Amino acid sequence: MSNHKITGVFSAAATPLNADGSPDLGLFTEHCQRLLQEGCHGVALLGTTGEANSFSSSERRAILEAALKAGVPADRLLPGTGVVAIPETVKLTKHALSLGVTKVVMLPPFYYKGVSDDGLFAAYSQVLEKIADARLQVILYHIPQVSGVPLSIPLIGRLIEAFPDTVVGIKESAGDFNNMQAIVAAYPGFSVLAGADPLLLPLLKAGGAGCITATSNLVADSLRTVYDKVHDETQAGAVEAAQARINAYRTLSNSYVQIPTIKAMVSLKTGNAAWKRTRAPLMPISDADHAALSEAYAKLP
C-alpha cells in the first residue's frame, strides 16, 4: 500500500445539528477529535453521511473552518467539495486549499442523468483546470445509487492520465467488489477506498488503499485494527473479530434509514440526544424504531 498517495481509515463523518437545524459546530469538532482518537487516519466531512447536499455553501465553509479552528490538522481532513454547478465546486475546493486542506472528495455534477463519459471528463477537467493548484489531490466519488451518475473505469483512466498528480483515488460506494478489484487491477497505485465497511478487509487483501465509511462514526477502532493488521498472519483472529464487529454495526445501521440511524447510534454511543437531529428531507427515526434500535444496539459487541 506504500505506493498509494492516500491510504487509511477515514470516517464519513455525520454532522450534528442544533435545535434550529443549523450545524452544531462545537459538537461536530468534538466528534472529529474523537474519531481521530479512536483510530481514524482522517475525517471525510461533508459527504453523503454528513448530509452535505442539504447545506449551503456558506455552511459547508463554516463546518470546515470550525474543524480547523478546533485544532483538527488540515492534512487529516477530506471535505466533500463536488456539487452540481462547476463554478461552485471550484469555489468550495479553492476555499479548502486556502485553508491548507489539500485533499478533497469530489462528486461529479449529478443533476443530469445519462450523461456521457465525455461530458463527465469535461466537467472534471474544467474544475481542475480552473483551480490549477499543484497541491490538490482529488478522490473521485462513485455512489451511483444516490447520485445517479456512475464513473466508469475508462473515465477514471482518462482522468488519471490527464491529471496524474491530482486525481489520485476514488471512494467506491457502489458496493460492487468486482468493480473495486477491476479499478485496482487497471490502475496500480491509484487509491481505491471502500465506501462499504464489510468490503474493507477483502479490498485491502486485493491491494486497495483503505476506506471512507459511515460505520467508522461508531467503530473506528475496529476498522483501524483491520487496516493495521490485515497482512500480519499472526493477527488473523483479531482481524476477523474486528471485521465481524464492524459488520454487526453496519447491519444494524442498515436495518432502518441509514443516515438517521447512524446519527441515532452516535447518540446512543455518546449519550447526547442532539445527535438524533437530521435536516429535511431526512427525518429522525420514529420513537418505535429508536426503542428497537436501542435494544439491539445494547447487544452489539
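Here are a few exercises with worked solutions on the predicted model above.

Before you start: residues are numbered from 1 along each chain as its sequence is written, and side-chain values use heavy atoms, with hydrogens and water left out. Since this is a predicted model, local features need pLDDT of at least 70 and side-chain atom pairs count only at pLDDT 80 or more, while totals for chains, interfaces and linings use all residues.

**Exercise 1. Work out the strand order of the open sheet and find its edge strands.**

Step 1: Helices (H or I, at least four residues) and strands (E, at least two) are DSSP runs, numbered from the N terminus. Two strands pair if DSSP finds at least two bridges between them.

Step 2: Follow the pairing across. The seven strands come in the order β2-β1-β7-β6-β5-β4-β3, with parallel pairing.

Step 3: Look for strands that pair on one side only. Those are β2 (42–44) and β3 (103–106).

Step 4: Axes here are lines fitted to C-alpha atoms, for helices over the stretch in contact, and angles run from 0 to 180 degrees between N-to-C directions.

**Exercise 2. Describe the surroundings of β5.**

Step 1: Take the β6 side. Four bridges join β5 (residues 167–172) to β6 (residues 191–194). Gly169 has Ser191 as its bridge partner, and Glu172 stands opposite Ala194.

Step 2: Switch to β4 (residues 137–142), which is joined to β5 by five bridges. On this side, Tyr141 partners with Lys171 of β5.

Step 3: Check the cover. Six of the six residues in β5 are buried, meaning under 20% relative accessible area, where exposed is over 50% and partly exposed is in between (1.4 Å probe, protein chains only).

**Exercise 3. Is Ser222 buried or exposed, and what does this residue touch?**

Step 1: Ser222 lies in helix α9. That helix (residues 216–229) lies across β1 (8–12) and β7 (210–213), running at about 170° to β1.

Step 2: Read the area. Ser222 has a relative accessible area of 6%, so this residue is buried.

Step 3: List the contacts (heavy atoms within 4.5 Å). Leaving aside residues up to four places away in sequence, Ser222 touches Ala242, Arg245 and Ile246. Ala242 is 20 residues from Ser222 in sequence, yet 4.9 Å away in space, C-alpha to C-alpha.

**Exercise 4. Is Tyr112 buried or exposed?**

Step 1: Find Tyr112 in the loop between β3 and α4 (117–131).

Step 2: With a relative accessible area of 60%, Tyr112 is exposed.
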